[in-house]
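Thank you all for making the time this morning.

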Amino acid sequence: MIQDAINPLAAIYIRVSTEEQAKQGISLSAQQEALENYSKAMGYKIYKFYKDEGKSAKDIKGRPEMRQLLEDAELRKFQAIFVYKLDRFSRSLKDLIETIEKLKEWDIDFVSLQDKIETTSASGKLMFHVISAFAEFERNVTGERTKFAMDKQARDGNPITRAPWGYKIENKKLVLAEHSYQVQEAFQEFLNQNISLTKLAKKYGFSVNGLKKILTNQTYLGKVKFDKQIHQGVHQALISSTLFNHVQNKLEKLGIKPPTSS
């Protein structure tokens, strides 16, 4: 549909679960009528009604019309979305914030009739910024909590990522796997034999970069590394510090730089 030369286009999203309609009498038709009148009063022309009847608000994935609405929004098929209440759109604060942030990126206005929230005015745009700020704050807090938890785990000597080759995780602890002897063999072969990284990597089923990560991984020394800090692990070491250091010296002499993520 081509946008009217005068009137911007509005998408109207309405949703009601069977249980809600039975208990509260909030029908799709009642929402549609209220939103249609309100959007027209604000100077919008209706692009399309998106209706999820009998659908829960718990998960956007379970609402096909909501998914179609967001796909059309990304394609800029309309300029605004009208909903009856925020909980018609989502009951998850996380989903709501993420969706409104997407709409902001796509320059799509958002109007919630009953909650008196809209982004078609200066005050409404400020609300958008406030919501975005809360989203950023939530991400930062979550990141800080995650980093703190991972740092505590590392300081306690426990793994913070998946088990490297030669180990497995049992009860959140690193323990030796049945093939752990192969790690020692790979270190010894690289140090004492005239074999290229390419051939050695192929022998054990790794990429060259994957083998470099193994040969420089301090986990095999019984250590745990996190955020550039090295901590003593509670797991059994697979490689002696002497062998490990000799391998690092050979890598350096050959001009082989360790992966940045090691």
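Setting aside its neighbours within four places in sequence, Gln218 is in contact with Lys223, Ile230 and Phe244, where contact means heavy atoms within 4.5 Å. Residues are numbered from 1 along each chain as its sequence is written, and side-chain values use heavy atoms, with hydrogens and water left out.

Gln218 has its place in the loop between H9 and E8, and here helices (H or I, at least four residues) and strands (E, at least two) are DSSP runs numbered from the N terminus. Gln218 counts as partly exposed because its relative accessibility is 28%, given that buried means under 20% relative accessible area, exposed over 50%, and partly exposed in between, with a 1.4 Å probe and protein chains only. The C-alpha atoms of Gln218 and His231 are separated by 10.0 Å, the two residues being 13 residues apart along the chain.

Let me turn to the aromatic rings. Rings of Phe, Tyr and Trp (its six-membered ring) pair if their centres lie within 6.5 Å, and planes under 30 degrees apart count as stacked, over 60 as edge-to-face and the rest as tilted; by this rule there are nine aromatic pairs. In one of them, Tyr47 and Phe78 are tilted, at 5.7 Å centre to centre and with 45 degrees between the planes. That pair links distant parts of the chain, since Tyr47 lies in strand E2 (residues 45-53) and Phe78 in the loop between helix H3 (64-74) and strand E3 (80-83), 31 residues apart. Both Tyr47 and Phe78 are buried.

Tyr167 and Tyr220 form a stacked pair, with 6.0 Å centre to centre and 15 degrees between the planes. This pair, too, links distant parts of the chain, with Tyr167 in strand E6 (residues 167-170) and Tyr220 in the loop between helix H9 (208-215) and strand E8 (223-226), 53 residues apart. Tyr167 counts as buried because its relative accessibility is 5%, and Tyr220 counts as buried because its value is 0%. Tyr167, Phe187, Tyr220 and Phe244 form one aromatic cluster, and Phe244 is also among the contacts of Gln218.

Now the sheet. Five strands form an open sheet in the order E2-E1-E3-E4-E5, with mixed pairing, where two strands pair if DSSP finds at least two bridges between them. The edge strands are E2 and strand E5 (117-118), each of which pairs on one side only. Strand E1 (residues 9-16) and E3 run parallel and are joined by four bridges, and Tyr13 stands opposite Val83 in E3.

Finally, how far does the predictor trust the model? The mean pLDDT of the protein is 84, and 86% of its residues reach 70 or more, pLDDT being the predictor's confidence in each residue, from 0 to 100. Over residues 1-5, however, pLDDT stays under 50, and for this stretch the model has seven contacts beyond four places in sequence. Where pLDDT is low, the predicted coordinates should not be read in detail.

Note on methods
Predicted model: local features only at pLDDT ≥ 70, side-chain atom pairs only at ≥ 80, totals over all residues.
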